[in-house]
Amino acid sequence: MLMLKWGISPLFWTLFPFIFFATSSQAKHDDGPVYDSSAWTECQTDPEAPLYNGGILVNKLPEYKPVKDINGDMVNSPTFTLQNLSPGSFYSFSSWVRVKNADSALISATIKVENTFAKCIGSVIAKKGCWSFLKGGFRWDSPSTSSQMDFQNSDRTRKNVEIELISYSLQPFKEKQWRKTQFEGINTERKRAVTVHVVDENGFRLPGAAVKVKQISTDFPFGCAVSKTILGNLPYQEWFAKRFKATVFENELKWYKTEPQLGQFNYTLVDQMMEFVRKNKLIARGHNMFWDDPVYIQDWLENMTSPQLKRAMKSRIKSVISKYRNEFVHWDVNNELLHFNFYEGKLGPNATLDMFKKVHREDPLATLFLNEYNVVERCDSKASVDRYIEKFKELKNGGVTVAGIGLESHFAIPNPPFMRAVLDKLATLKLPIWLTEVDVSKMYGLEEQAMYLEQILREGFSHPSVNGIMLWTSRSVGGCYQTCLTDEKFQNLPTGDVVDKLLLKEWQTKKKHGKTDEFGSYSFRGFLGEYNVSVVYNHKVINSYFSLGRGVETKHITLQI
């Protein structure tokens with residue numbers, strides 16, 4: 001990290017973001033490889049050059065070995081034998097892939113752990129006649145230093161698929177190098193340089209003025225789910241309000257809760273929870289308008305005809321938005337549509353597109369999201385990153401110009417290189433990305449949950465295309481869905497300590513104070529958000545306020561005293 005020194009020319013601070021980027025990038029060249037976030041989502045006639053010039057796969061050719069694929073067919077599969085793997089290191093993998101004997105197929109890359117378990121490290125929907133980009137990765141935690149990487153068809157509807165690879169790469173990063181990339185991502189994307197100029201009534205700069213700066217709120221929306229148990233629970237409310245500026249209701253806004261019987265609407269709990277939202281000036285996500293999972297479809301909906309279902313859905317949209325128009329910044333319009341298809345099965349392939357158009361018509365200021373699990377968590381043939389990207393492209397082709405990418409993020413053991421690779425590919429859509437329901441499986445102990453949660457949050461916060469993070473850690477009667485941040489008395493668990501360390505300490509600008517230099521300027525680099533600033537000079541005091549938003553140039557504030 002560059003040490004910030006006062007008494008430096010304002011020109012330096014104007015150029016600081018560029019200087020920092022250049023010097024830190026050069027430092028990474030000295031210390032090791034620079035992470036390459038490049039990604040492509042279109043099938044290309046000619047592949048791009050391999051990332052990192054091939055990394056440790058440079059000058060290596062895959063062997064083609066007979067293996068049994070997902071359908072039980074014996075096919076020749078490309079295989080790399082890997083040597084000298086370093087325990088604890090992160091590996092970023094990429095390759096351009098093409099298939100034969102099928103128009104398209106989902107191709108997965110796997111790596112064998114101790115020659116037994118094959119772990120998926122990335123996938124791509126590859127096509128015939130053009131090259132598609134697969135990006136993934138893994139952290140090598142085995143004591144062994146060798147392994148085997150295989151590529152197989154993961155599409156049960158495709159038979160005897162042959163796979164071709166070109167421009168492949170495997171680049172190792174030591175843990176320190178991986179963390180440094182995260183740090184630099186946070187420093188360049190979540191912070192900005194500021195110069196406060198102090199002048200007198202004639203505009204002359206005043207050296208030696210005492211300046212104090214305090215951040216009063218952060219720009220990045222970091223929030224947490226709540227349920228009805230927060231109502232009337234002052235210790236819970238106080239604990240929550242101290243940390244979070246955003247929220248989402250765990251179940252209370254879902255259709256099966258607000259209209260359990262046809263025409264019988266009940267928004268009592270939502271109304272009460274919205275009072276908590278308004279009182280604490282929180283932003284709230286609307287979760288969800290519709291949910292494709294048939295388990296959560298009301299009985300009275302299941303046997304409706306298509307016209308009847310359309311009328312019921314129209315009533316749902318009008319009912320909820322007429323009460324809360326402009327109050328929810330987002331709507332998860334159709335939840336988990338990659339895994340389930342109740343509405344598409346009833347209404348046809350344009351069901352989700354119609355939902356988006358109708359919700360937008362009723363609440364045009366809300367950003368409308370798809371929300372899905374197992375996109376960043378792990379490989380899932382139903383929810384691969386390419387299948388998700390295809391859905392957003394379908395929406396765009398149907399006239400939806402702005403949509404949000406919801407990633408539920410229900411993790412077991414996180415795979416940071418895989419997570420980062422998926423985010424890189426999604427970022428090519430240039431749409432807002434949110435981690436919407438972050439938690440860690442309760443199969444792990446409290447300390448393990450805390451360690452994994454920290455890995456997930458650091459990876460998400462440091463990625464420039466992630467616009468917000470919501471924790472799915474609402475405390476209900478008897479505990480939490482998977483991850484709790486506190487005990488029943490709202491004393492932090494290790495997971496809560498991780499959140500406090502990041503939100504209240506590491507990802508917030510500490511109080512700044514000093515004196516203006518010979519140019520009458522005081523400079524610092526701070527996290528984006530809202531600030532109070534006070535200046536004292538010759539027994540005169542001025543208090544002011546400024547907002548620090550995204551930008552590569554230094555933010556200049558001039559205060560007259």
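Visitor: How many salt bridges does the count come to?
Guide: We are looking at a predicted model, in which local features need pLDDT of at least 70, side-chain atom pairs count only at pLDDT 80 or more, and totals for chains, interfaces and linings use all residues. Residues are numbered from 1 along each chain as its sequence is written, and side-chain values use heavy atoms, leaving out hydrogens and water. A salt bridge is a side-chain nitrogen of Lys or Arg within 4 Å of a carboxyl oxygen of Asp or Glu. By this rule, the count is 23.

Visitor: How many residues apart are K135 and D424?
Guide: These two form a salt bridge, and their closest N and O atoms are 2.8 Å apart. K135 sits in strand β6 (residues 132-139) and D424 in helix α11 (residues 416-427); helices (H or I, at least four residues) and strands (E, at least two) are DSSP runs, numbered from the N terminus. The pair links distant parts of the chain, and the separation in residues is 289.

Visitor: Are K135 and D424 buried or exposed?
Guide: Let's start with the words: buried means under 20% relative accessible area, exposed means over 50%, and partly exposed lies in between (1.4 Å probe, protein chains only). On that scale, both K135 and D424 are buried.

Visitor: In which helix do R179 and E175 both lie?
Guide: Their side chains meet in a salt bridge, with 3.3 Å from N to O. The two are four residues apart, about one turn of the helix. R179 is partly exposed, because its relative accessible area is 24%, and E175 is also partly exposed, at 34%. The helix that holds both R179 and E175 is α2.

Visitor: How far apart in sequence are the parts tied together by E189 and R550?
Guide: E189 and R550 form a salt bridge whose closest N and O atoms are 3.9 Å apart. E189 lies in helix α2, while R550 lies in the loop between β24 (540-548) and β25 (555-560), so the pair ties together parts whose separation in residues is 361.

Visitor: Which helix gives the most to the positive patch?
Guide: K310, K314, K357, K358 and R361 gather in this patch on the surface. Patches are made of residues with over 30% relative accessible area and no salt bridge, with like charges joined within 9 Å and nonpolar side chains (Val, Leu, Ile, Met, Phe, Trp, Tyr) within 5 Å. Helices α7 (306-324) and α9 (351-362) each supply at least two residues. With three residues, the one giving the most is α9.

Visitor: What is the distance between the C-alpha atoms of S217 and L528?
Guide: S217 has its place in strand β10 (residues 210-218). Leaving aside neighbours within four places in sequence, S217 is in contact (heavy atoms within 4.5 Å) with L528, G529 and E530. Although S217 and L528 are 311 residues apart along the chain, their C-alpha atoms are separated by 8.6 Å.

Visitor: Why does N374 count as buried?
Guide: N374 lies in the loop between β16 (367-372) and α10 (385-397). Its phi is positive, about 65°, although N374 is not a glycine. N374 counts as buried because its relative accessibility is 8%.

How values were computed. Areas by Shrake-Rupley, 256 points an atom, 1.4 Å probe, with all protein chains shown as cover. Lys, Arg positive; Asp, Glu negative; His and termini not counted. Charge placed at Lys NZ, Arg CZ, Asp CG, Glu CD.
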